Amino acid sequence: MMNIDLTLTLSALIFCIGAMGVIMRRDPLVMFISIEMMFNAANLALVALSDYFGKIEGQTVVFLVIAVAAAEVAVGLAIIIAIFRTEKDVDVDGISNLHG
């Protein structure tokens, strides 16, 4: 049996590291990696709580989160590549100022 306190603390720590990565870094690839860390922290918490309460629903939701994360990465990387091909730069501040 997992130690629920330690697992949820680890999940919160991973989530905070991911949130700080999104807030502090302006590189889109680092932001995607940070968002993936946040998804994985949520997955860890869902699995831990699912095991603690003896329910399977939390573990099935994890599969949905993983599928959403995979789709987000595929679409996000495609957008970053398209912007890099036209602009030759993928700075987040520059991307937010694009017109037309």
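Is Ser 34 buried or exposed, and what is its relative accessibility? With 5% relative accessibility, Ser 34 counts as buried, because the cut-off for buried is under 20% relative accessible area. Do keep in mind that this is a predicted model.

Let's start with the surroundings of Ser 34. This residue sits in helix α2. Setting aside neighbours within four places in sequence, Ser 34 touches Gly 18, Gly 21 and Val 22. Ala 19 is 15 residues away from Ser 34 in sequence, yet their C-alpha atoms are 6.7 Å apart in space.

Now for the helix itself. Helix α2 covers residues 28-53. Its 26 residues should span 38 Å at 1.5 Å a residue, and the 37 Å between its end C-alpha atoms agrees with that. Just after the helix, Gly 54 adopts a positive phi of about 75°.

| Residue | Relative accessibility | Class |
|---|---|---|
| Ser 34 | 5% relative accessibility | buried |
| Phe 53 | 58% relative accessibility | exposed |

Phe 53, also in helix α2, counts as exposed because its 58% relative accessibility lies in the range over 50%. Together with Leu 8, Leu 49 and Tyr 52, Phe 53 makes a nonpolar surface patch of about 390 Å². Which helix gives the most to this nonpolar patch? That is α2, with 3 residues.

Definitions and conventions. Residues are numbered from 1 along each chain as its sequence is written. This is a predicted model: local features need pLDDT of at least 70, side-chain atom pairs count only at pLDDT 80 or more; totals for chains, interfaces and linings use all residues. Side-chain values use heavy atoms; hydrogens and water are left out. Patches are made of residues with over 30% relative accessible area and no salt bridge: like charges are joined within 9 Å, nonpolar side chains (Val, Leu, Ile, Met, Phe, Trp, Tyr) within 5 Å. Accessible areas come from the Shrake-Rupley method with a 1.4 Å probe; for residues, only the protein chains shown count as cover. A salt bridge is a side-chain nitrogen of Lys or Arg within 4 Å of a carboxyl oxygen of Asp or Glu. Helices (H or I, at least four residues) and strands (E, at least two) are DSSP runs, numbered from the N terminus. Buried means under 20% relative accessible area, exposed over 50%, partly exposed in between (1.4 Å probe, protein chains only). The expected span of a helix is 1.5 Å times one less than its number of residues. Contact means heavy atoms within 4.5 Å.
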